[in-house]
Amino acid sequence: FRYAYKRGKKVVSSYIVLHYVKNGKKANRLGITVSKLPGAVMRNRAKRLIRESYRKYLADIPGGYNFIIVARSRMADATLSDVDKAMEYCLRKSDLK
């Protein structure tokens, strides 16, 4: 995670922050960080929403990247469509989609 935070690039949206860096491999790797949400239920829900949104766009993303997606505190009230829009915005802004 430290390498992606320090050497990688980031894109910020209203619900997530996308950190990405090339990994020199064919496959992508995903890390999810959720910390500032009240309670384990909210944190786990945020992780599920992020994973589902990432899975939807996985076919459009080129291989060879490490992704770290950080949930912002606004994720407490987010729906899947909100997270999908935020993910699409981040991928378009980073030229990965």
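**Confidence.** I am working from a predicted model. The chain averages a pLDDT of 92, and 100% of the residues score at least 70. I found the lowest confidence in helix α1 (residues 2-7), with a mean of 85. Helix α3 (residues 80-93) has the highest, at 96.

**Salt bridges.** I counted 3 salt bridges and went through them in turn.

I started with R55 and E52, whose closest N and O atoms are 2.5 Å apart. The two residues are separated by about one helical turn, because they are 3 residues apart in helix α2. R55 counts as exposed because its relative accessibility is 52%, and the cut-off is over 50%. E52 has a relative accessible area of 26%, so E52 is partly exposed.

I then looked at D84 and K56, whose side chains meet in a salt bridge at 2.8 Å, N to O. This pair links distant parts of the chain, with D84 in helix α3 and K56 in helix α2, 28 residues apart. Is D84 buried or exposed? I found D84 buried, because its relative accessible area is 11% and buried means under 20%. K56, in contrast, is partly exposed at 40%.

The remaining entry is E88 with R92, at 2.9 Å from N to O. Both residues lie in helix α3, 4 residues apart, which is about one turn of the helix. I noted E88 as partly exposed, with a relative accessible area of 24%. R92 also counts as partly exposed, at 47% relative accessibility.

**S53.** Which side chain makes a polar contact with the side chain of D84? I found that of S53, at 2.9 Å. S53 lies in helix α2 (residues 40-57) and counts as buried because its relative accessibility is 0%. Leaving aside neighbours within four places in sequence, I listed L80, V83, D84 and M87 as the residues in contact with S53.

**L58.** L58 is found in the loop between α2 and β4 (65-71). At 38% relative accessibility, I recorded L58 as partly exposed. L58 and N28 are 30 residues apart in sequence, and I noted 9.0 Å between their C-alpha atoms.

Definitions and conventions
Residues numbered from 1 in each chain as written. Predicted model: local features only at pLDDT ≥ 70, side-chain atom pairs only at ≥ 80, totals over all residues. Heavy atoms only, no water. Buried < 20%, exposed > 50% of the residue type's maximum accessible area, 1.4 Å probe, protein only. Polar contact = N/O pair within 3.5 Å; in protein donor to acceptor, adjacent residues only side chain to side chain. Contact = heavy atoms within 4.5 Å. pLDDT = per-residue confidence, 0-100. Salt bridge = Lys/Arg side-chain N within 4 Å of Asp/Glu carboxyl O.
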